[in-house]
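Welcome, and let us take a walk through a structure that may be new to you. Please have a look at the model first, and then read on.

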There are 2 protein chains.
Amino acid sequence: MSLDNIRVVLVHTTHSGNIGGVARAMKNMGLRNLTLVKPLEYPAPEAEWRAASAIDVLEQASVVETVAEAIADAQFVVGTSARERRIPWPVQDARQCASRLVDNAQAGEQVAILFGREDRGLLNEELELCNLHCHIPTHEDYPSLNLAMAVQLVAYEIRMKALGDTLPAEEDAHWDTPFATAKDMQHFYTHLEETLIEIGFLDPSAPRQLMRRLKRLYNRVRLDEMELNILRGTLAETQKSLRDAGSGGKKT
Amino acid sequence: MSLDNIRVVLVHTTHSGNIGGVARAMKNMGLRNLTLVKPLEYPAPEAEWRAASAIDVLEQASVVETVAEAIADAQFVVGTSARERRIPWPVQDARQCASRLVDNAQAGEQVAILFGREDRGLLNEELELCNLHCHIPTHEDYPSLNLAMAVQLVAYEIRMKALGDTLPAEEDAHWDTPFATAKDMQHFYTHLEETLIEIGFLDPSAPRQLMRRLKRLYNRVRLDEMELNILRGTLAETQKSLRDAGSGGKKT
């Protein structure tokens, strides 16, 4: 799926290194359209250096004079905002905003997300151009996010939404070996119990909770077939070397 | 709610500026415990400068020599990983990992999340110390995230989870026994390897992937203390009966 209809707009950025950091953060998450509104110093070597392999995003960036120009053809505009505003605007967190940005972009709309100055964010008259305000819930002890970090978080949420939350919920969804069957597990438990008795660890007349605990352990992990073979192998080898050591001793 | 049981561990960081960026990213999201494993250059003025108002996080950071030391008392360890590994480990995305980190921390456990070197991440032997691997789904055109950005994303997901936490905790939240520490697990693996060699199952000159597979298995399940004792007991008893059988044979 394409995120080509989504643009990131940086307003009056002061530190040119941040522009490079933003380009990299965007490309890491599959975003490519960057618009710079009146950056203090640009082009700048520090922007290029910080962009690393996202230099193409920088090269294709538009540079314009006003926010109005940057969003002229946009049909849905989100503005990031750290502060409470005097007149509350509709505000959502980055996850909710990203969801709406992607939904609208996929419906064919041009959408934009605005990030303000390093020191004081977007001005009221800029925020008033937005359909929605976006708030990243930082901690009250140190709420001030670096500009590139803020873009990184929003771009990440956009990518997570675009991927459709389709990532495997189960940690073992792409396992390399099939999982063992219940029948194989039963054979394993019988073999395990037998071996534990042979080595003298399990007393059949006073078994306590030992086998139950071991079953809980191995059922909890869900053994795959190769792991089961390894464990069966160690049991067989334990039995064998125990018998060898016994009979080998007898021979001498 | 407190995130005091969560520690961020940076392994062999090359650029000291990144350490400062990480400290800021953490404090922005309410995390405070930072451990540095053998940073190339630290303390460093660039770290302090990039930390900005998170200088307190830097000042309280621990500096240690090894990953094992950094996670010795941790009961749940997550390692960030960009690459596909030859033997897949349980892997979840940052959101899922953050959810489990917060659940376990709130249940009173010590938890750690590891971030590797800027150029090649965590090594295989470091990833094998982890219960779970964390993958941030970057775009294939430019998958390489800056270190501080990666920490920012995970710290953000931790905060989002901590803020929104009303869901039932994970299945092992009410476990009956504390989970084993990483240090105990290391002792267990050493004992296991030793025993497998004694019974002739593991050939030290051709170890194949045997220990790696066994580590994956036991780290995946997260052994509790009693389970670990049982397994250590079976190893000790196997060694003992093997020696007894050998010497007992000699007597007859």
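The paragraphs below go from the overall form of a chain to the place where two chains meet, and then to a few local details.

A word on reading the model comes first. This is a predicted model, in which local features need pLDDT of at least 70 and side-chain atom pairs count only at pLDDT 80 or more, while totals for chains, interfaces and linings use all residues. Residues are numbered from 1 along each chain as its sequence is written, and chains are lettered from A and ligands numbered from 1 in the order in which they are written.

Let us begin with chain A. You can find ten helices and seven strands in it; helices (H or I, at least four residues) and strands (E, at least two) are DSSP runs, numbered from the N terminus. Chain A is more spread out than a compact globule, because its radius of gyration is 30 Å, well over the 18 Å that the globule rule gives for 252 residues. That radius is taken over C-alpha atoms, and the rule is 2.2 Å times the number of residues to the power 0.38. Along the principal axes, the C-alpha atoms of chain A fill a box of roughly 95 × 40 × 40 Å. The domain assignment gives domain 1 (6-162) and domain 2 (182-251) in chain A, with bounds that come from an automatic or database domain assignment. Taken over C-alpha atoms, the centres of these two domains of chain A are 59 Å apart.

How much of chain A is buried? Buried residues make up 42% of its 252 residues. A residue is buried if 20 or more other C-beta atoms lie within 10 Å of its own, exposed if 12 or fewer, and partly exposed in between, with C-beta atoms placed from the backbone.

Now bring in the partner chain. In chain B, 53 residues are in contact with 52 residues of chain A, where contact means that C-beta atoms, placed from the backbone, lie within 7 Å. On chain B, α1 (16-28), β5 (91-93), α7 (147-163), α9 (210-221) and α10 (225-251) each supply at least two residues of the side that touches chain A. The most comes from α10(B), with 14 residues.

Next, look at helix α5 (residues 94-106) of chain B. Its 13 residues should span 18 Å at 1.5 Å a residue, and its end C-alpha atoms are 18 Å apart, which agrees; the expected span is 1.5 Å times one less than the number of residues. Twelve of the 13 residues of α5(B) are buried, among them Cys97(B), Leu101(B) and Val102(B). The cover over the buried residues includes β1 (6-11), β4 (76-80), β6 (111-115) and α7 of chain B. Just after α5(B), Gly108(B) has a positive phi of about 95 degrees.

Helix α9(B) has twelve residues and reaches 17 Å from its first C-alpha to its last, close to the 16 Å expected. Its buried residues include Leu214(B), Tyr218(B) and Val221(B). After α9(B) comes Arg222(B), with a positive phi near 55 degrees.

Finally, visit Trp175(B), which lies in the loop between α7 and α8 (182-198) of chain B. Is Trp175(B) buried or exposed? Trp175(B) counts as exposed, because it has 12 C-beta neighbours inside 10 Å. From Trp175(B) to Ala107(B), the C-alpha to C-alpha distance is 9.7 Å, although 68 residues separate them in sequence.

Methods
Contact = placed C-beta atoms within 7 Å.
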